[in-house]
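Have a look at the model first.

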Amino acid sequence: MKKFIPIMAAVFLLSGCWDQRELAEVTVVTGMAVDKGEDFKYRLSVEGINAAELNNRTAIGNAPSIIYGKEGNSLSELTNQMSEGISRNLIYSHMRTLIIGEEVAEEGLLEFLDYLERNREMRDDFNIVIARGSRAEDVLKVTYQFQKSTSLKLHTQLDTMEETWGGDPGVRLNDVISAWTSPGRQPVMAAVAIKGNPEKGTSVDNMKKVTPDALVVLDSLAIFNGGKLEGFLNLEDARNYLWTQDKIENTSLTISCGDNRFIDIRIYNTTTKTKARIMDGKAKVKIDIRGESYLEGTQCADNVDKITTYEEYEEKTEKHIERIVADTIKKVQKEDKVDIFGFGDAVRRKDYKHFREIKGSWDPYFLEADVEVKALIKMRRAGIRTKSFLSETN
């Protein structure tokens, strides 16, 4: 009996998962697209990957994925009805990209996010983007040469853009919900567009061309107000927005050095701190940006083996950052009139006593807020050479 007990314990510990499914029985969903339906509230499209076509050793030139769409009033119901057109059970736990149609965003039909937040099978680390100028379903259908699947391509593309230049806010589901429910911030999302012919982009031949007939590109930054799409910021402004959020990992700047000549500065190791409070009935915001840089290229004849040149370039870089970030903030205050920067949250953290009195009407304070941007950038090196060949030819 004493030997039997440990054996039984081991049997229970080594038992398999009760809900396991064989790979041959499932289709992995990597992307979802939500558009406004014609007869119902939503049209949901899902992308199920053809794993054999994603592997170079087993690919034979067939479609890399299958996309199926259906209309209904609830994403919960629709996700469970997809077997109407797809033979295998769909697995949503590896979803990488959610694409929302511009019309859905404009009308504020974002209640389906509650379902995504509650669903235990879906992780919250997928990208959320707005399809600008086309239906979300059409974006999902565009094939791509390397990763073939648009949802997988977009996931990698957005992460790479965030790491190398900025422009993508790196928004996940929790970020949207948090901003939506905050009295001192409004949500933002990356916006993508189809460059080229959307109809030809759905063909497998699109993956075989040096210049594809259609390509999904990062287009802008979508701004929301009260759960509805308010407008868009271009990529330059989107990058400047990320500076205020302490989300710039690396980026590049082109700065004038006079006579239609420019220097190329690579920025890295940046940090941003934002402080805000209410003083004399007005919001005062101070943004402190610090970072390091190096000279990537120059069209000027300045000799960079002199400390004075380093100091001059540092000052130009600092003034340039201060100007472009301040201009973006003023643009949003004047045109979009919504606090996407989270200045209200900064006031709440620093000066909750005053914020509690105005949290229901923060927007007017944001519009009139005095914002000061200060940058401190240290130039560490000038590449693999000191003197430019331009100085040797002058």
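The dialogue below goes from a charged patch to strand pairing.

A: A quick note before we start: this is a predicted model, where local features need pLDDT of at least 70, side-chain atom pairs count only at pLDDT 80 or more, and totals for chains, interfaces and linings use all residues. Residues are numbered from 1 along each chain as its sequence is written, and side-chain values use heavy atoms, with hydrogens and water left out.

Q: Which residues form the positive surface patch?

A: A patch joins like charges within 9 Å, using residues with over 30% relative accessible area and no salt bridge (a Lys or Arg side-chain nitrogen within 4 Å of an Asp or Glu carboxyl oxygen). Areas come from the Shrake-Rupley method with a 1.4 Å probe. Here the members are K273, K275, R277, K286, K319, K350 and K374.

Q: Which strand gives the most to the positive patch?

A: Strands are DSSP runs of E with at least two residues, and helices are runs of H or I with at least four. Strand β11 (residues 261-279) leads with 3 residues, while K319 sits in helix α11 (residues 307-336).

Q: Is K319 buried, exposed or partly exposed?

A: Buried means under 20% relative accessible area, exposed over 50%, and partly exposed lies in between. K319, at 48%, is partly exposed.

Q: How many bridges join β10 to β11?

A: Two strands pair if DSSP finds at least two bridges between them. Strand β10 (residues 250-258) runs antiparallel to β11, with 8 bridges, and S252 stands opposite R266.

Q: What about β11 and β12?

A: β11 and strand β12 (residues 282-298) are antiparallel over 15 bridges, and D264 has G297 as its bridge partner. Their hairpin leaves 2 residues between the strands, with D280 in the turn at a positive phi of about 55°.

Key
Patches are made of residues with over 30% relative accessible area and no salt bridge: like charges are joined within 9 Å, nonpolar side chains (Val, Leu, Ile, Met, Phe, Trp, Tyr) within 5 Å. Lys and Arg count as positive and Asp and Glu as negative; His and the chain ends are not counted. The place of a charge is taken as NZ of Lys, CZ of Arg, CG of Asp or CD of Glu. Buried means under 20% relative accessible area, exposed over 50%, partly exposed in between (1.4 Å probe, protein chains only).
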